[in-house]
Structures are given as C-alpha cells and as structure tokens.
Amino acid sequence: MTDVASQGPAAGQEDRAVLTNRQGHPVYDNQNQRTVGARGPATLENYQFLEKISHFDRERIPERVVHARGFVAFGEFEATGSWGDEPIAAYTRAKLFAEAGKKTDVAIRFSTVIGGRDSSEAARDPRGFAVKFYTEDGNWDLVGNNLAVFFIRDAIKFPDVIHALKPDPITFRQEPARIFDFMSQTPESMHMLVNLFSPRGLPANYRTMQGFGVNTYKWVNAEGVTHLVKYHFQPHAGVKSLTEADAANIQAGDLGHASKDLYTAIERGEFPKWDLYVQVMSDDDHPELDFDPLDDTKVWPENDFEPKLVGTMTLNRNVTDHHNENEQIAFGTGVLVDGLDFSDDKMLVGRTFSYSDTQRYRVGPNYLQLPVNSPKNARVATNQRGGQMSFTTDLGEGQNPHVNYEPSITGGLREAQYPTHDDQGPEITGRLTRKRLPRTDDYTQAGQRFQLMEDWEKDDLVANFVDLIGQAARPVQERMVWHFLMVDDELGLRVGDGLGISPDDVRMLEPLQTQTLSEAELDRLANLG
Ligand code: HEM
C-alpha cells in the first residue's frame, strides 16, 4: 500500500497554499490520526489531531439570547450636513452629521428576534436593524427595529415579554396562548401587536424594510442645548410585506431567504440604500401631547414633528466570515459619540446595561478588541489590560508602557478635554419612586395605525388575531377583545366576531391594575363597542 503523505502534491495542486495548524506547523496528513500500527490504538500526544478536534468542539459561541438569527453587511453613510438652509450642527455637534458629503463607514446587522440562529427568516417577528457607524470620534451604534415601536416601555419587563414570546419551557414550542396571556395583561403592547400581526410583521426581505431607532435619544449642540430625537431609515427600494400564505411558501423551501436576497444583491453590485431621517423635539416633557415623548410604545406624529433628512446609507460589501463578523459583532445602545446622548427613556437605561453585559458573556471580556467591533476610524488608548483572549495592548502614542494607571506624571495617558463643556440639558428634580409614566394612552395610536391599513392588511390582521388568540384561554380572549374595542370599534368588533365574543360579553370587565385610564379612555370604556 502507498503512503499518502509521501506522494507529495496531487497533480495540478503544486501552487496551492499548504495546510498548517494554528502553531504554523505544516500538516502532512489530514486524513489519518497517528496510531500504533495501521489498526492500533491512537496516541495521546497526537497534537495535530487534538488541536483540530478540540477547536471544533468550541466552534460555537452561545447564540444571542434574542436576535440569534441575523445577517451582516458593510457600507457607508453620507451626510447631508443641513436641512435646507439650516445646518444640522445647530442641533448636534456630532461630526458625522456636520458636513454635506461627509462619509462614515458602517456595519449593519439585520435579524429576527425570537428564533434560534438557524431559524426561519420568514417568521412573524419584529426585525432587528442595528447599525454601527465607525466614526472618527469612536463608534456609534443605533440598535433599532422595523416596526417603530416596542411591546413595553420599562426595561424591567423585558425578560417577561421575551419569555412569553420564546418557546414554552416544557413543550419548547412558541405558544400563542402564552403570548396573549402576557399581552392581555400588558395594555401598552397594543400598538406593537397591531403592527406585528399585520403584514408588516412579515417583511418581504431586508432590503425592503424600514429601520427605526424606536427609543428616544438626545442631540447636543456646541452650546450644550439638547433636543429629543427619533431616528428613521427609509429604504429606497420601498417597503414590501408578506401575507401568512406567502411566508409559508417561502419557508417551505428556504429558511434563509432574506440573507440570501441581501447577499446576492450586493454580490451583483445592486447596493441597497436607505435615507436616514430624524424627528426633533425640544427637550422637555411636552404636556401638550397626549403621550410621553420618552415612551417607546409611541410614534411622534409626522405632521407636528417633520422627519428631516440627515444622510443616506449604502451597503456595498458582504461579510468574509459569518462567525467573525456576524456572530461576534456586538451592538449596544450605550455606544454613542460626542453630540449624541441618552434620554431618560426607561427602556434605554436597561438596554444600555444589558447589551455589553451579554456580550462579555457571549463573546468574552475583550470583545471590543475584535476587528468588527473595534473603533477602526478612531484612536484607542486605554489602561485596560488582560482578560481572556486579550491580544492587543492599547498603548497611546508615546505612552510609557509601565504606566497603566491614571493619573501619573511619568508618561501615562491623560484625560481628554471636553469639546465644549460638560453640563447640558434641562435640570431635573424628583423623588425616588416606582411609577408608570403619567400619560400612557395605550390605545389611540394603535387605532390610528389600524385605520391607516389597506383593506387586505386589515383582513390579514383580523384573521391572524382570531386564529392565534383563539388558542388562548377564554378569559384571555375576552380581555384581548376588550382591549381591541378600546383601540378601535372596527378592530374590536371584527376580532370579537371571529372569537364569538360581543361587547356585552366584556363590558363588565374592570380596567387592569397595570393601567391608568384617562378621562377620554374612561368615556370610551363607558360606551364600549
Ligand atoms: C439584541 C436586550 C429592547 C433591538 C439584544 C440582545 C440583548 C437585548 C441582551 C442580545 C445582544 C447580543 O447578544 O449581542 C434588550 C433589552 C431590551 C431590549 C434588555 C429592553 C429593555 C430592544 C428594543 C429594540 C431592540 C426596544 C429595538 C428598538 C435589538 C436588536 C438586537 C438586540 C436589533 C440585535 C443586535 C445584533 O444584531 O447583534 N437585545 N433589548 N432591543 N436588540 Fe434588544
């Protein structure tokens, strides 16, 4: 018998690169382990084999606890610099928006929320729309979704809403009965539900999808004046959605149609584009509105707060390695640059802790050293050292490498100077408490959204609600019909009709303890249906 390794390269393969292990040792035989005799036992010093198999054993990192399935692409953002005659710099000193034509590198990850990392991309689910801007002042992440609003308005409820939406802990199936049990007790979810169970909950693909920052952020100008802002991405390709039947057909043949669509479009040189608009409000609590500007279950009416174009994003490059650039990319709502800031939105504070916390666990404490996460267009100089998988030392130019502390007068790093000053925004006073926002208004915008739908969208929404809520317990069905009657007569009557529940069946239900009804809502309740 001929020894394979002694044969040398097969004909035609002479100029191919030679396989090595990660120590740089050439691999002479990648087909056979080292054994005592051809049939004999394997040896434990078989370094090449043990390295290969033990690395394989660790190929997966924990998938994201939410948004596990996703797809990344790269590109650039080009700023408009102004709105008509008004410079954007009047509102934010963030450099990426300052000049017309200024370009900033971006990475984007589109995702579904609930399924695992190999799950269907045609599932009814919100879609994630997370953008990383590699600015000269460091990275800015805008971590949004395609539906403009969210299910809850306080971060303390996030594990509950996700548990209700994720598979049952025993049957491991997503169960509508559990979802609507939770939602029926969570009136602020109505706006999101009306979106999610309409065709908007099944985007046709990632290229024809909007993206929204959802939470309220702040812009800060050079004088320290702050404004509240919301971000909106509008696709040049228009918005396209699927019906249940379309989605069922797609996922019967392909679980990854949206990734494939994006990847192949970019490979063909068809680069998708989105315009980025910003809505701006003065930084106060806006008592004239019937909702709170810090409530992420609400949109800001576009007639009162006109969306203004601040730039265009183009995606023009695919990932070169799914694990390195998709599994290990890490976004977070705390990742902001000078001129951009948090608002007091109670979801944002919880999100800002949660993202980097999960990433230290999921990717490792040095996740920010990875190329896809590091601020490639800004300088990094820290006194952080060590931790698993550290492979760079963030020395500043001229830094004494012995001095990894601050302050020091022997060549260590110094603090930066504030670009302008460190005080900004309105003064806030209050006592420590646990309270809902005073203006909840859980129903008005859900009703407006329903009435904006075309007939086929309304029909699809009602059919989906009847089918899924019909699988829940009767008291849950009744409470959902009660909520829908508060949202909009047509929606409540049609879903009630489908479930065999009339306004008279639910008229006696009391408001939930988790809601505060306004005068207008109490009136509506008195005349239900
Ligand atoms: C991913 C937490 C609300 C959009 C994640 C992850 C966590 C998380 C732990 C996984 C991150 C990772 O493993 O890298 C939370 C918490 C929330 C919240 C605690 C509420 C308090 C929201 C909202 C939105 C959103 C309101 C939409 C505006 C996303 C997106 C991703 C994500 C797009 C995927 C990021 C990626 O592609 O890597 N969230 N989330 N989340 N979340 Fe949230």
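I looked up the UniProt entry, which is unreviewed and lists residues 20–414 as "domain: Catalase core". UniProt positions follow the numbering used here, feature names are shortened, and annotations may be inferred rather than shown by experiment. I noted that this is a predicted model, in which local features need pLDDT of at least 70, side-chain atom pairs count only at pLDDT 80 or more, and totals for chains, interfaces and linings use all residues. Residues are numbered from 1 along each chain as its sequence is written.

I then read off the make-up of residues 20–414: 20% helix and 21% strand, with the end C-alpha atoms 44 Å apart. Helices (H or I, at least four residues) and strands (E, at least two) are DSSP runs, numbered from the N terminus.

**Ligand shell.** I listed 28 residues around the ligand, of which H67, R109, G128, A155 and V214 come nearest. A residue is near if its C-beta atom, placed from the backbone, lies within 6 Å of the molecule. I traced at least two shell residues each to β4 (103–112), β5 (127–135), β6 (138–145) and α8 (346–362). Helix α8 gives the largest share, eight residues. By class I recorded 13 nonpolar, ten polar and five charged residues in the shell; Ala, Val, Leu, Ile, Met, Phe, Trp, Tyr, Cys and Pro count as nonpolar, Asp, Glu, Lys and Arg as charged, and the others, Gly among them, as polar.

**Helices α2 and α3.** I checked α2 (residues 158–165) against α3 (residues 176–184): their axes come within 7 Å and cross at roughly 150°. Axes are lines fitted to C-alpha atoms, for helices over the stretch in contact, and angles run from 0 to 180 degrees between N-to-C directions. The angle therefore makes α2 roughly antiparallel to α3; angles under 35 degrees count as roughly parallel, over 145 as roughly antiparallel, 65 to 115 as roughly perpendicular and the rest as oblique. From α2 I found D160, V161, A164 and L165 in the contact, and from α3 R178, I179 and F182. Contact requires C-beta atoms, placed from the backbone, within 7 Å. This contact has five nonpolar, no polar and two charged residues.

I found a cis peptide bond joining E406 and P407, with omega about 10°. P407 lies in the loop between α8 and α9 (444–452). I also noted A148, not a glycine, with a positive phi of about 75°. A148 sits in the loop between β6 and α2. I marked both kinds of feature because most residues other than glycine have a negative phi, and most peptide bonds are trans.

Definitions and conventions:
Two residues are in contact if their C-beta atoms, placed from the backbone, lie within 7 Å.
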